[in-house]
Amino acid sequence: MAATDALQHDLRTAYSRFLVRRARRRRVAMVSALAGAGALLLGAAALGAATLLGWPAPRHVKNEIAAVDRGLPADLRLNPDVEHARAVASTASATLYAASLRDGGSCTEIVTAGDRGRGATCATAADRGRQAVGLVAPFDDGAGSDAPVVLGGRINDPAGSSLEAVYAEGGHDDVEIGADRYFLFEVPAEHRQSVHASGLELIARNGDGTVVGRATLPADWDDPAVPDEQAPLYVSTRSDESDFTKVYGLEGHVSAPGAIRLQLGYPDGTQAAIPIEADGTYEYAVPPEHVDDFMRPLTVAALDKNGGVVASAPVAAVAYWRGQQRRAP
């Protein structure tokens, strides 16, 4: 599925799964928006569209939205109101569902053809304050330049009453606004290749036509993921999905020239030596007494034959990275 559903740093350095290798079949791009200005009420046309929405989210969507808190300690949970999750925008073949958060934000999920959930993403009230227009774009690796493109999100500036998609190749389309300024937009077939290659821009305006916010889908929004083997030092963590504060093991790949072994330093001063296989891979089981040490970042260092550091990477529990994101100012 293009970000900032669920963490870029999380996914790059410390994502977790239940003792299995990750799959890259679904990815989501979340794009920040530039803040604007203005102060008018939502337009009547948008309100008219909203009256056709509001049906309850299916159970699988509620479950996927609830899963944003799975494995996290109580102080990091968002606790979305999944039982009241509802449809807030729709197209001919897709629906955007939203569950409210207590602080005024929400968690959303786009469901496309075949009742396929594309991954839940959340935006707190603070996130909305930083983004005049929030944007999420699900996609599949290797889907091709003619693959359908569905964009969803919300105009967070209360003055926003209209939204326009502007294409890099020229041309534009109006985007229908759903309930509470949410939107869902399917890029017309004649513009798909342009959007896959060059992205697009969304422009929100108030009732007077003044721009109150923008969101940009970048040109590389659905580019293939960079192989782990290309990183000087790639670190992945192993965790039990019931508790993402714990780390039971590390694995990954080293490509830094001259690296012959890895070293991991624990808070108590212990230095663990991790061997590197001939193909650059490594795997390390965290001792039971240290599985709780990763709620603050530790450092994995790649060393050469003289003990010099040729590459390093932070490593922490998934709960730590998600906490950093959720507590960001």
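View 1. Of the protein's 329 residues, 48% count as buried (under 20% relative accessible area; exposed is over 50%, partly exposed in between; 1.4 Å probe, protein chains only). This is a predicted model, in which local features need pLDDT of at least 70, side-chain atom pairs count only at pLDDT 80 or more, and totals for chains, interfaces and linings use all residues. Residues are numbered from 1 along each chain as its sequence is written, and side-chain values use heavy atoms, with hydrogens and water left out. The secondary structure comes to 6 helices and 20 strands (DSSP runs numbered from the N terminus: helices are H or I, at least four residues; strands are E, at least two).

**View 2. The buried side of helix H3.** Helix H3 spans residues 59-66, and its buried residues are Val61, Lys62 and Ile65. They lie on the same side of H3, because they cover an arc of only 100° around the axis (the arc of the directions from the helix axis to the C-beta atoms). An α-helix has 3.6 residues a turn, so residues three or four places apart point the same way. The cover over the buried residues of H3 includes strands S4 (95-100), S5 (106-112) and S6 (116-123) (contact means heavy atoms within 4.5 Å).

**View 3. The disulfide between Cys107 and Cys122.** The structure holds 1 disulfide (a pair of cysteine sulfur atoms within 2.5 Å). Cys107 and Cys122 form it, with their sulfur atoms 2.0 Å apart. Cys107 sits in strand S5 and Cys122 in strand S6, so the pair ties together parts that are 15 residues apart in sequence. The torsion about the S-S bond of Cys107 and Cys122 is about 105°, so the disulfide is right-handed. Cys107 is buried, at 0% relative accessible area. Cys122 is partly exposed, at 22%.

**View 4. Strand S14, covered on both faces.** Strand S14 runs over residues 233-238; 6 of its 6 residues are buried, so the strand is largely enclosed by the rest of the structure. On one side, Leu233, Val235 and Thr237 are buried. On the other, Tyr234, Ser236 and Arg238 are buried. S14 pairs with strand S15 (residues 249-254) in the antiparallel sense, over 6 bridges (strands pair if DSSP finds at least two bridges between them). Opposite Thr237 stands Leu250 of S15.
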